[in-house]
Amino acid sequence: QKAKAHHTDINAAISYAGYRFPPELISYAVWLYFRFPLSLRMVEEMLAARGIEVTYETVRRWALKFGSKRLGDSGKASGFGDKWHLDEVVITINGKKHWLWRAVDQFGCVLDVLVQSRRDRHAAQRLMRKLLRKCATSPRVLITDKLKSYAAAMKDMGLRFEHRQHKGLNNRAENSHQPTRVREKVMRRFKSARQLQQFLSVHDQVANLFQHCRYNVNAAEKRTKRSQAFAAWQGVTCANTFGAQIA
């Protein structure tokens, strides 16, 4: 029953009742914030350049409510590849070390992220359990660095799929941390583990939507994929049009 209720909540329409700005503008502001390395004040200034007076605090509230409403939970779980790359990187928050665990597939799509205070087999188990719950199928191959926690976690969980441990093979996961480092500088470090988890849960899924619009495609295919990505974002935010009234 809990799972059914959660599914219903994810697919429920977002209500913009009580907001003086139209859904199209709110969707556009939230998209700008999560799609590009912009601070809240930068988004405020970009909207002001178009005659839209919105404070950065308002943009922050929009991002919290409408950005994380469904996208972080819906994602494209059924469309992930069968080769998973897992990696962890240290993030300092208020002088304390945290570990950002991230999983990506062979195509560069981010499967999930998890912020934890430890870097041991229990932390690795939490990530793997979360991945297996979210994704429709188990991976064919799991690729990690030489951290022993991954193998220990797989043994404890009784997982039998192929596990390759090699630092050079895991460049895709290591490179996936770069956008987080960029945002960390723009936002002048993250303020809490909860803020980091909330932000990346949406940021990485937005990046998944638009990643195929950039590389190794011709102009026509790029336009098609971009239109599909905008349509997906429109469906998530329940905005009738995307950016039509913003230009």
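Visitor: Which residue takes a positive phi in the hairpin of strand 1 and strand 2?
Guide: N94 does, near 55 degrees. That hairpin has two residues between the strands. Keep in mind that this is a predicted model.

Visitor: How many bridges join strand 1 to strand 2?
Guide: There are 10 bridges, and the two strands run antiparallel. Strand 1 spans residues 83-93, and strand 2 spans residues 96-105.

Visitor: What stands opposite V89?
Guide: L100 in strand 2.

Visitor: Is strand 2 largely enclosed or open?
Guide: Strand 2 is largely enclosed by the rest of the structure, because eight of its 10 residues are buried.

Visitor: Which residues does strand 3 cover, and how many are buried?
Guide: Strand 3 covers residues 110-116, and seven of the seven are buried. So strand 3 is largely enclosed too.

Visitor: In what sense do strand 2 and strand 3 pair?
Guide: They pair in the antiparallel sense, over six bridges. A103 stands opposite D112 in strand 3. W101 stands opposite L114, also in strand 3.

Visitor: How many residues lie between strand 2 and strand 3?
Guide: Four, and the two strands form a hairpin. In the turn, G108 has a positive phi of about 95 degrees.

Visitor: Switching to helices. Which residues of helix 3 are buried?
Guide: L40, V43 and L47 are the buried ones, in a helix that runs over residues 40-48. They sit on the same side of helix 3, because they cover an arc of only 60 degrees around the axis.

Visitor: And what is on the other side?
Guide: R41 and E45 are there, and they are exposed.

Visitor: What covers the buried residues of helix 3?
Guide: The cover includes helix 2, residues 23-35, and helix 4, residues 56-67.

Visitor: Helix 2 again. At what angle does its axis cross that of helix 10?
Guide: Roughly 95 degrees, and the axes come within 9 Å. Helix 10 is residues 193-210.

Visitor: Which residues make the contact?
Guide: From helix 2, they are W31, Y33, F34 and R35. From helix 10, they are F199, V202, H203, V206 and F210.

Visitor: How do the residues of that contact divide?
Guide: Seven are nonpolar, one is polar and one is charged.

Key:
Residues are numbered from 1 along each chain as its sequence is written. This is a predicted model: local features need pLDDT of at least 70, side-chain atom pairs count only at pLDDT 80 or more; totals for chains, interfaces and linings use all residues. Side-chain values use heavy atoms; hydrogens and water are left out. Buried means under 20% relative accessible area, exposed over 50%, partly exposed in between (1.4 Å probe, protein chains only). The arc is that of the directions from the helix axis to the C-beta atoms. Contact means heavy atoms within 4.5 Å. Two strands pair if DSSP finds at least two bridges between them. Axes are lines fitted to C-alpha atoms, for helices over the stretch in contact, and angles run from 0 to 180 degrees between N-to-C directions. Ala, Val, Leu, Ile, Met, Phe, Trp, Tyr, Cys and Pro count as nonpolar, Asp, Glu, Lys and Arg as charged, and the others, Gly among them, as polar.
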